[in-house]
Amino acid sequence: MRPLPLIVSVIALCLAACAQVNRPDPQDQTISVGHAVHAPKAAHGRLRIATYNVHMESAQEILRGIRADRELESADILFLQEIEATSEHTPQRLAELLGYDYAYAPGYGVGDGGSHGIAIVSRVSLHALKLIELPRHDVVFNSARRVALAATILLAEPPIRIYNVHLDNRLNPKDRAAQLRPVLADAQRLGATPALIGGDMNTSPFCWIGHVVPLPCGLQDDRIESSVRKSGFDTPVTKSGGTHKVFAMRLDAIYTRALSVTAFGVADDARISDHLPLWADIEHPRVGPRWPAWERRGSSRAPLAKRSSARRRGPR
């Protein structure tokens with residue numbers, strides 16, 4: 001066989017093999033929810049939201065990561081990506097350990113009828129839950145259904161709409177912006193309602209040939225942030241620093257609309273995943289630094305003995 005046909009044949013076989021490791025849709029595509037039973041806890045002056053890709057760790061291991069960092073442990077709302085709902089590991093179990101409410105949206109299916117998806121685990125009650133299907137891309141291997149999870153928190157008037165997002169990895173800037181577009185469109189339908197989008201945007205410093213071969217390009221975060229700002233959102237945490245252990249890549253983000261960010265940072269002591277948690281403190285424009293005590297929930301968490309080394313920054 002001539003070299004070129006041989007090469008083509010090898011590539012075809014590789015792609016066929018890669019297709020076998022693409023991810024199936026979950027058997028159950030509905031949102032699961034749970035509510036804490038703890039009594040309300042007095043407000044402490046701000047609402048902290050953190051986003052963390054937990055890399056398929058168990059509830060106990062995620063709890064260990066949360067407890068390892070003071071900045072992360074004090075978060076009121078956690079956006080979690082790559083969390084799995086299986087017979088052994090469930091978002092419900094993590095919520096029970098924390099004493100929080102939770103909502104979980106499945107992305108793709110895993111063995112034994114379980115799923116891999118995203119969750120919001122919250123000290124604050126979650127309302128008007130919505131699963132948003134994101135554009136699906138064939139990225140050759142590990143192609144999967146991608147979703148966002150939206151919820152409303154009722155701390156004051158107007159309410160705040162929040163979105164947890166996990167975008168594909170091997171996308172180029174145009175496709176990445178397009179995959180986020182349904183979330184931005186959903187937020188735009190709410191007019192000027194305060195809103196926050198957070199999650200793993202996978203904004204690595206690479207562009208991709210055929211969704212497989214990486215080329216340094218340094219455009220991913222700039223392009224998606226430009227798209228976000230054109231849709232009426234602010235990008236207040238761009239100076240957070242890296243949120244990934246490899247090359248200090250800034251893969252995770254928090255975008256806001258009609259909300260003040262008073263501080264933000266990366267929780268360096270939470271080391272259970274290849275990602276590092278990103279957090280931000282927000283204030284409602286109508287309320288300021290005090291939140292109604294009746295909307296806060298207590299926690300079963302133990303106090304930490306270890307001081308956090310998280311990088312704390314103010315808004316830029």
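Reply:
**A close look at I83**

Leaving aside residues up to four places away in sequence, I83 touches V54, I62, P91, L94, Y104, S115, H116, G117, I118 and A119. Touching, or contact, here means heavy atoms within 4.5 Å.

Before going on, a word about what you're looking at. This is a predicted model, where local features need pLDDT of at least 70 and side-chain atom pairs count only at pLDDT 80 or more, while totals for chains, interfaces and linings use all residues. Residues are numbered from 1 along each chain as its sequence is written, and side-chain values use heavy atoms, with hydrogens and water left out.

Back to our residue. I83 belongs to strand β3; strands (E, at least two residues) and helices (H or I, at least four) are DSSP runs, numbered from the N terminus. I83 counts as buried because its relative accessible area is 2%. The cut-offs are: buried under 20%, exposed over 50%, and partly exposed in between, using a 1.4 Å probe and protein chains only. I83 also pairs up across the sequence: E57 is 26 residues away along the chain, yet the two C-alpha atoms are 7.0 Å apart in space.

Now follow the chain past β3 (77–85) to helix α4 (residues 91–98), where you'll find L97. L97 has 15% relative accessibility, so this leucine is buried. Its C-alpha lies 8.2 Å from that of Q60, although 37 residues separate them along the chain. Is H55 buried, partly exposed or exposed? H55 counts as partly exposed because its relative accessibility is 35%. The backbone of H55 is worth a glance too, with phi near 55°, a positive value in a residue that isn't glycine. Most residues other than glycine have a negative phi. N142 has a positive phi as well, near 60°; it sits in the loop between β6 (127–133) and β7. At 31% relative accessibility, N142 is partly exposed.

I153 is buried, since its relative accessible area is 0%. Not counting residues up to four places away in sequence, its contacts are L47, I77, V124, S125, L126, P159, I160 and I162. One of these, L126, is 27 residues from I153 along the chain, with 5.5 Å between their C-alpha atoms.

I153 also brings us to the largest nonpolar core, which has 28 residues; I153 is listed with L47, I49, I77, I120, I162 and L196 as having the most contacts inside it. Such a core is a set of buried Ala, Val, Leu, Ile, Met, Phe, Trp, Tyr and Cys residues joined through side-chain atoms within 4.5 Å. Several strands supply at least two residues each, including β3, β7 (147–153) and β8 (160–166). The largest share, four residues, comes from β7. There's a second, separate core of 27 residues, with A50, L72, V121 and A267 among them. In soluble globular proteins, nonpolar side chains tend to be buried together.

Helices pack here too. Helix α5 (residues 173–188) and helix α6 (residues 220–230) meet at about 35°, with axes 9 Å apart. The axes are lines fitted to C-alpha atoms over the stretch in contact, and angles run from 0 to 180 degrees between N-to-C directions. The α5 side of the contact uses P173, R176, A177, L180 and L184, while α6 brings Q220, R223, I224, S227 and V228. Q220 is also touched by S204, along with M249 and L251, again skipping residues up to four places away. S204 sits in the loop between β9 (195–200) and β10 (206–209), and its 6% relative accessibility is why it counts as buried.

The chain has six helices and 15 strands, and 54% of its 316 residues count as buried. Of the contacts between residues at least 6 apart in sequence, 74% join residues at least 24 apart.
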